[in-house]
Amino acid sequence: MRRTTEVLVVGGGSTGCGIARDLATRGVDVTLVEKGNLTHGTTGRMHGLLHSGGRYAVSDRASARECIEENDVLRDIAAHCVEETGGLFVKRPEDEESYFEEKLAGCRACDIPAEVLSGAEAREREPYLATDIEKAIAVPDAAIDPFRLCVANAADAADHGARVATHAEVTDVLVEAGEVVGVEVRHGDGPRKATTEVGATERITADHVVNATGAWAGQLGAMAGVDIAVRPSKGVMTVMNTRQVDTVVNRCRPKGDADIVVPHETACILGTTDEEVDDPEDYPEERWEVDLLVEQLAELLPILREARTLRSFWGVRPLYEPPGTGTEDPTDITRDFFLLDHADRDGLPGMTSIVGGKLTTYRLMAEDITDHVCEKLGVSASCTTADKSLPGSDDIRDLHDRMDEFGLRSPVSRRSAQRLGSRADEVLDVDGPNPVVCECEAVTRAEVRDAIDGAGRDLNAVRLRTRAAMGTCQGGFCCHRMAAELESEFDASEARASLDELYQERWKGQRHACWGEQLSQAMLNHMLHATTMNRDGDPARLDDDIDFGAFDGGDAWP
């Protein structure tokens, strides 16, 4: 099988989806391929911070200025993905006064709004802050949903003619006569709308290939015969069962592990560590990292010592430094991004890589590389992505007015409208009952079915689109309900396999959080699924023909 496109983008994270959107809206024929779901890599494993730039205002002012500029842009074009929490950089007695002043001066030098609060004023905003917090700097940090953001970018790209192929893993980069001319992909078990058989390979030729694979950029580069010295750095995030704070809380110190708490939906996410690894997919996930987060962040928020930990997950940063820099500590590596033109750099035309950066600046990164590619293709159209809203962000309504619409109870309608934005009418106005499938996140049947329309039988993709199974029970009470919604379009074996995949993914993150109340929750989930629903039984026996008459006759189980 062969397909031709003008530009092929490899990588379905925030940057890749942003590039596909920018290219498509400029009229370029673009194809995006991603080996898993959208957000499969780094984007789907971050703590959800929309940077104000305050984090980099001392060490990397160029990045800080980019962050505050893009922060403003994303609040405009992706309002349905952003929660305007605000942020605090808080100072403990042992933290350096000189650094606090440097942070304040750096914010003001980078045009980041910054207000000094006393300890008492900071605790008025966040009552659970430690009583010995001396003062704080308030900045316009926010929380952002990376899953909605990527889906919105991919949807807009598709609306402008792009092809977006998930579960399509690149197995080879095609090089002919010293030039990259495309890739070969192997199609996996993705959305049911896919027109390609599972396991089939496809050669996609392109005028230009964009490597937007982040921490995996070196692996794709190696397929083309070029060296891209990405330095993957892992970090752990731990999810708490409630929102202990409604404001992003950062510790005001030069650098270190365990220094941020990000409120996100119904939970708080604690972060993070910074440890260089060799392989972005194969690295140890260690319990001491989780303990470190809770212990150190409890110095800022003592309530964390008593709080319930839901799960932990690890992500890998795509850090990059130009050759010869020689930085040893990954915390010292710049968070700036780099555009690598392999024609100029390696004598290999036909491919460009984008490495480094962060989610907050994804749109700017996409604009830069799209400008670069369009120049090579002779396309003169200009970028409009900073001015045009993403799907779902138009017509922002007063959410309180939606409480009684569509027959939904409070606060379900509010949460649904927040998730769906301007698509709320289209998705929620359905015939018949619309019960809640996931109580923890207030996700309705209509939302789950809408997600299935786009994701097929992949319940993990449905989870990312809706947040179903991401609440305090971690899917214990809703996984099987989500699987039941597959019944009308998929057979029982497919639904059962999807349920197993979803349940195992939820369990993977809980293994490092099984103590105290969370251990009880994990055991309850196990008993519900393994015992009550016989999920640990042999699935083949469930398909056997059973002679129920044998029971009436008192015969033993066959």
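**A walk through the model, starting from a cavity**

The largest cavity holds about 50 Å³ of space. This is a predicted model, where local features need pLDDT of at least 70 and side-chain atom pairs count only at pLDDT 80 or more, while totals for chains, interfaces and linings use all residues. Residues are numbered from 1 along each chain as its sequence is written, and side-chain values use heavy atoms, with hydrogens and water left out.

Back to that hole. Rolling a probe the size of a water molecule over the atoms shows where empty space is left. Here a cavity is a set of points, on a 1 Å grid over the protein atoms alone, where a 1.4 Å probe fits but cannot get out, and lining residues have an atom within 4 Å of a point. Points are joined across faces, edges and corners, and the volume is the space filled by probe spheres set on them.

Sorted by type, that gives 2 nonpolar, 3 polar and 6 charged residues; Ala, Val, Leu, Ile, Met, Phe, Trp, Tyr, Cys and Pro count as nonpolar, Asp, Glu, Lys and Arg as charged, and the others, Gly among them, as polar. β18 (309–320) and α15 (492–510) each supply at least two of the lining residues, and β18 gives the most, with 4.

Those labels come from DSSP runs numbered from the N terminus: helices are H or I with at least four residues, strands E with at least two. In total the protein has 18 helices and 22 strands. Of its 558 residues, 56% are buried, meaning under 20% relative accessible area with a 1.4 Å probe and protein chains only.

Most residues other than glycine have a negative phi, and most peptide bonds are trans. Ala-258, though, has a positive phi of about 55 degrees; it sits in the loop between β14 (248–251) and β15 (260–264) and is buried at 3% relative accessibility. Ala-469 also has a positive phi, near 75 degrees. Its loop runs between α13 (459–466) and α14 (479–484), and Ala-469 is buried too, at 0%. Finally, the peptide bond from Gly-271 to Thr-272 is cis, with omega near -20 degrees, and Thr-272 lies in the loop between β16 (267–271) and β17 (275–276).

Note on methods: On a 1 Å grid over the protein atoms alone, a cavity is a set of points where a 1.4 Å probe fits but cannot get out, and a pocket is an open set with protein on both sides within 12 Å along at least five of seven lines; lining residues have an atom within 4 Å of a point. Buried means under 20% relative accessible area, exposed over 50%, partly exposed in between (1.4 Å probe, protein chains only).
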